[in-house]
Amino acid sequence: IQISSNAQRIVFKADFNSQNKFKLYSVNPEGAGLVELSNFAHTNPTLGDFLVSSDSTKVVYESDNEVGGEEKLYVASISGADPPAAITTTQRISSFSFTPDNQYLIYIGDNDIADKSELYYSTIDGVTQGKINDALDNADDISSFVVSPDSLKVAYVGDQTNTGVRSLFIKNRDGSGSAIQLNNGSLGASPIGNFQFTDDSTYMLFASEESSADVFDLYSSPV
């Protein structure tokens, strides 16, 4: 269950019509105005995670809505006024988020190579899309990300420069420029802990095994 930030709509999953066949719904807090948001195209869909935009207008959800079983992201209006529209062509989604300005979706998927997780952006209407991370070797992938509060940059963890060693990178949200590695990436197979931008989007705070294995220290880096 998620409640819109303006407290006008509640979004939830339920199997009203058929047991264990969940669909996505939106309703007013007093129980009126129930609408289905998922509008599935075949009889045995899978409904994954969903998010409500911070401006209370859109819902994005993960599903194999269309025949063929490919997982995609769909965007629907929270009121149900507009039908959901697929905005990705990926076969597998591992995580996704609205940018704070609600103009883009950032997600990890396998758009280009099956079962290879990379980082992508898309406008809410799906018209403009692209890859964010730098080129990866065959065995490398991206595992997690956060978006800066000003929506201009994305920090992500992946083994982009050293296969099997997770490091922290930052790059422009539209994929332009080259990724900058923030940690030294010299210790362990997964040396990055929690990481986040400061509220003014000028620094990255992160925990990392920079000096000793199994000892996480807290670091800051200007971005």
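Me: By its relative accessibility, does Arg166 count as buried or exposed?

Reply: A residue is called buried under 20% relative accessible area, exposed over 50%, and partly exposed in between, with a 1.4 Å probe and protein chains only; at 19% relative accessibility, Arg166 counts as buried. The model is a predicted one, in which local features need pLDDT of at least 70 and side-chain atom pairs count only at pLDDT 80 or more, whereas totals for chains, interfaces and linings use all residues. Residues are numbered from 1 along each chain as its sequence is written, and side-chain values use heavy atoms, with hydrogens and water left out.

Me: With which residue does Arg166 form a salt bridge?

Reply: A salt bridge is a side-chain nitrogen of Lys or Arg within 4 Å of a carboxyl oxygen of Asp or Glu, and for Arg166 the partner is Asp141, with 2.9 Å between the closest N and O atoms. Arg166 sits in the loop between β14 (153-158) and β15 (167-172) and Asp141 in the loop between β12 and β13 (142-147), so this pair ties together parts that are 25 residues apart in sequence. Asp141, at 22% relative accessibility, counts as partly exposed.

Me: How many salt bridges are there by this rule, and which residues are linked in a network of them?

Reply: The count comes to 6 salt bridges, and the network links Asp112, Glu118 and Lys131. Lys131 forms a salt bridge with Asp112, whose closest N and O atoms are 3.2 Å apart; this pair links distant parts of the chain, 19 residues apart, with Lys131 in strand β12 (residues 129-131) and Asp112 in the loop between β10 and β11 (118-123). The side chain of Lys131 also meets that of Glu118 in a salt bridge of 3.2 Å, N to O, and because Lys131 lies in strand β12 and Glu118 in strand β11, the pair ties together parts that are 13 residues apart in sequence. Glu118 is buried, with a relative accessible area of 2%, while Lys131, at 31%, counts as partly exposed.

Me: How many helices and strands does the protein have?

Reply: Helices (H or I, at least four residues) and strands (E, at least two) are DSSP runs numbered from the N terminus, and the protein has 0 helices and 19 strands. Its radius of gyration, taken over C-alpha atoms, is 19 Å, close to the 17 Å given for 223 residues by the globule rule, so the protein is as compact as a globular protein of that length; the rule itself is 2.2 Å times the number of residues to the power 0.38. Of the 223 residues, 45% count as buried.
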